[in-house]
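Me: I would like to go through the labels attached to this model and ask what stands behind each of them. Please set each value against its cut-off.

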Amino acid sequence: MTSTLYRDTGYSLTHLVEDIKHGNIALPDIQRPFVWSATKARDLFDSLYRGYPVGTLMFWETGADVGTRQVGGGENEKVAKLLIVDGQQRLTSLFAVLTGQSVLTKTFEERRIRIAFRPEDETFEVTDAAIERDPEFIPDITALWDDGYRPTVRKFLARLVEGRGTTLSEEEEDALEDCIDRVYDLRNFRFQVIELNSGADEEQVAEIFVRTNSEGVKLNQADFILTLMSVHWEKGRQQLEQFCRDAVDVAVRGPSPRNSFIDPGPDQLLRAGVGLAFRRGRLQHVYSILRGKDLETGDVSTERRAAQFDELRRAQDDVLDLTNWHEFLKCLTHAGFRSRRMVTSENALIYTYVLWLIGKRDFGLELKTLRGVIARWFFMAHTTGRYTSSPESQIEADLGRVAALRPGHGEAFCAELDRLVRANFTRDYWEISLPNRLDTSSARSPVLFAYWAALNLLDAELLFSDLRIRELLDSNVSAPRSIERHHLFPRAYLSAREITNTRQVNAIANMAFLDWPENATISAEDPLDYWSAMTSSMDAGRLQRHRYWHALPIGWEQLEYPTFLERRRDLIAQVVHDGFNRLWDEDPGDEASSGLADLLAVGESQTVEYKSTARWNLRTEQADKKLEHVITKTVCGFLNAEGGTLLIGVDDAGQVLGLRDDMATLGDRASRDGYELLLRQRLDNDLSIPTAGVVKIRFERIHGADVCLVSVAASGKPVFARPRDGGSAQTEFWVRVGNATKQLHGEDMLEYQSGHWG
């Protein structure tokens, strides 16, 4: 018979408050910014008063022996017996009101939750200045438990009589006291509690939480792990939160974590510490570390727990070191980024910080060397959306590659990161994927900010101005019109030609940096008119530089609008490429010749997939046209994500098999041209868009065998695939997620499309 993982029990509110006071129940949220509004706390007390359901609490036994002390804790810092899985905000509200303890606001200011009660009509309100003066209210019900029931009632009745200017009858006093007594007796309210035993693991706890939560929400892993951390290592959590507080608190004087790029959260910094200490990217590993579980074997021991905490503590010291933090952020500036406005992925920033720390601490790299290699890495990771889909899986794969290197060999560390950069920034990326990804109007696109960064690296000027773009993108410049992104083909001009679609009008390729005073003179003019007027005083050399920086085709002002957009996207991609190349210490080499070797070395990922064959079934040793659908869905997945490269003729382990078996199925057409024709026809037949502009097919020979490289650009709209049997009217929607291709249906598909394409 399987033993149950939980038991049903109950706690009175007084019991809960006392257990929290004595540390038997961990309530770390009382020391964190309180996310509930005061009105929610008011509504909770109103529900308790009226006997409405207030939900079940869920606790989890920590498994700590009686008297166990926290890691690094003092004599009184014992490990709590119970951890709150569900009900933290409710208990924080109740504890704060019953004890009068202050909570922290989002800006880290201390304040009390003050709830008022009007006995006359049994109404709870959030205390404000008017209620404070109103004698009909007990302005702060905390007084009932803090100052005492009887003194609070006497004070209220005396104030009420004075305010009304008349005495109360005995019946009125009794009625009012009965209502106040009901509020006071809320301390005896009995909560239903589910207690999970210590044998449950974190995945079971999360699943039970989802199944029992009435709103069907998922357990917030970051909050859960940080809560667990405060049970075993409260000092460590306090250090994380103090760092985050100092990063946003303008009152902090002297050195602080404040910066132009990110307001870090404790969970982000904890991720960085785990990545540095254990080369792990998944936050769930913290749970195993806290319990002393070996991350490889699963064995648990007290000795390992202490050793792993020592490693995590050492890593956290490095993560929170202000010199490390600010030296790392210089890498972002070195990469052309100037402010948080240009950062769309905080994951990319935090995970790149992990790699910076590893390079400095474990490979002994000098700051100057690190600045170059990390700048290149961040530019690549941020631009390609490396840590957008399945970020934990991707960083874990990256950390695994670094972990395979010998510590102290800094050149190997740099070479591995640069190899991964080149494997993503191939010639096909610059010529196909990037121009296609620029086909958007999103003002928060990472490829747009890659262009801005490139302009900074190239020391570009605003169009028609001698002001530097890098100066105006600086976060310290706060003038509301310091930057103006201007429509090269003005909105009114396009509207007059019946081009009104917002996505077309506000396309990235129709926008350029322009100094505000100049922009005000353009209005709705024909580009053919204003271009000649604005450039008449510019010498040929300066005009040529401005055309290059702002990616303006020769004679652009005379082009049809769609043609202009297409040509300018290609030129913007070239500017981004040129700007990025400024980050190399030396010639980066030929991307086309180095691409295949790098793709084979880095393994499968969000943007790389291996397939042994396209038609030949290696198991049955015969042609199998059903395998062609696997190629179709992989390409569809890349199109609907960030693009990527499919290698055909390579097995899952990265071993080159070649195309001989596939070629044999083509008969008289057994050639590279015949193979490409087969793939192109299959893709055009089975996908909902023509592939000529978004899929490039080429061949390279390595180790004496041919490999087919299918380079896929990110699509500007959803792409669907015909199902494998070809007979169903229902199409399929595939997405690349991590190193796998996943089919989405229904609401999941619609949610993805809305988030990805807006």
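Me: What makes Glu-170, Glu-171, Glu-172, Asp-174 and Asp-178 a negative surface patch?

Reply: The model is a predicted one. Asp and Glu count as negative, and a patch takes residues with over 30% relative accessible area and no salt bridge, like charges being joined within 9 Å. Glu-170, Glu-171, Glu-172, Asp-174 and Asp-178 form such a patch.

Me: Why is Glu-171 called exposed, and where does Glu-171 lie?

Reply: Glu-171 has a relative accessible area of 60%. Exposed means over 50%, so Glu-171 is exposed. Its place is in helix H7, residues 170–184.

Me: How do you know that Arg-42 and Glu-125 form a salt bridge?

Reply: The cut-off is a side-chain nitrogen of Lys or Arg within 4 Å of a carboxyl oxygen of Asp or Glu. For Arg-42 and Glu-125 the N to O distance is 3.7 Å, so the pair counts as a salt bridge. The two residues sit in distant parts of the chain, 83 residues apart, with Arg-42 in helix H2 (residues 38–50) and Glu-125 in strand S8 (residues 123–126). A search of the whole structure finds 51 salt bridges.

Me: Why is Glu-125 called partly exposed?

Reply: Glu-125 has 27% relative accessibility. Buried means under 20% and exposed over 50%, so Glu-125 falls in between and is partly exposed.

Me: What makes Arg-371 and Glu-327 a salt bridge, and which helices does the pair link?

Reply: The closest N and O atoms of Arg-371 and Glu-327 are 3.1 Å apart, against a limit of 4 Å. The pair links distant parts of the chain, 44 residues apart: Arg-371 is in helix H16 (residues 367–384) and Glu-327 in helix H14 (residues 322–334).

Me: Why is Glu-327 called buried and Arg-371 partly exposed?

Reply: Glu-327 has a relative accessible area of 14%; buried means under 20%, so Glu-327 is buried. Arg-371 has 25%, which lies between the 20% and 50% cut-offs, so Arg-371 is partly exposed.

Me: How do you know that Arg-470 and Asp-459 form a salt bridge, and what does the pair tie together?

Reply: Their side chains meet at 2.6 Å, N to O, and the salt bridge criterion is within 4 Å. Arg-470 lies in helix H21 (residues 469–472) and Asp-459 in the loop between helix H20 (446–457) and H21, so the pair ties together parts that are 11 residues apart in sequence. With relative accessible areas of 29% for Arg-470 and 27% for Asp-459, both residues count as partly exposed.

Me: What makes Arg-279, Glu-311, Arg-314, Asp-318, Arg-361 and Asp-362 one network?

Reply: They are joined by salt bridges that share partners.

Me: How do you know that strands S3 and S4 pair?

Reply: Two strands pair if there are at least two bridges between them. Strand S3 (residues 57–61) and strand S4 (residues 82–86) are joined by 4 bridges and run antiparallel, so they pair. Glu-61 stands opposite Leu-82 in S4.

Me: Why are S1 and S2 called edge strands?

Reply: They belong to an open sheet of 5 strands in the order S1-S9-S3-S4-S2, with mixed pairing. Strand S1 (6–12) and strand S2 (25–26) each pair on one side only.

Me: What do S7 and S8 form, and which residue in the turn has a positive phi?

Reply: S7 and S8 form a hairpin with 4 residues between them, and Glu-122 in the turn has a positive phi of about 55 degrees. The strands run antiparallel and are joined by 4 bridges, with Arg-118 opposite Thr-123 in S8.

Me: Why is His-703 called exposed and His-487 buried?

Reply: His-703 has 71% relative accessibility, and the exposed class starts over 50%, so His-703 is exposed. His-703 lies in the loop between strand S16 (695–702) and strand S17 (705–712). His-487, in strand S10 (residues 484–487), has a relative accessible area of 14%; under 20% means buried, so His-487 is buried.

Note on methods: Residues are numbered from 1 along each chain as its sequence is written. This is a predicted model: local features need pLDDT of at least 70, side-chain atom pairs count only at pLDDT 80 or more; totals for chains, interfaces and linings use all residues. Side-chain values use heavy atoms; hydrogens and water are left out. Patches are made of residues with over 30% relative accessible area and no salt bridge: like charges are joined within 9 Å, nonpolar side chains (Val, Leu, Ile, Met, Phe, Trp, Tyr) within 5 Å. Accessible areas come from the Shrake-Rupley method with a 1.4 Å probe; for residues, only the protein chains shown count as cover. The place of a charge is taken as NZ of Lys, CZ of Arg, CG of Asp or CD of Glu. Buried means under 20% relative accessible area, exposed over 50%, partly exposed in between (1.4 Å probe, protein chains only).
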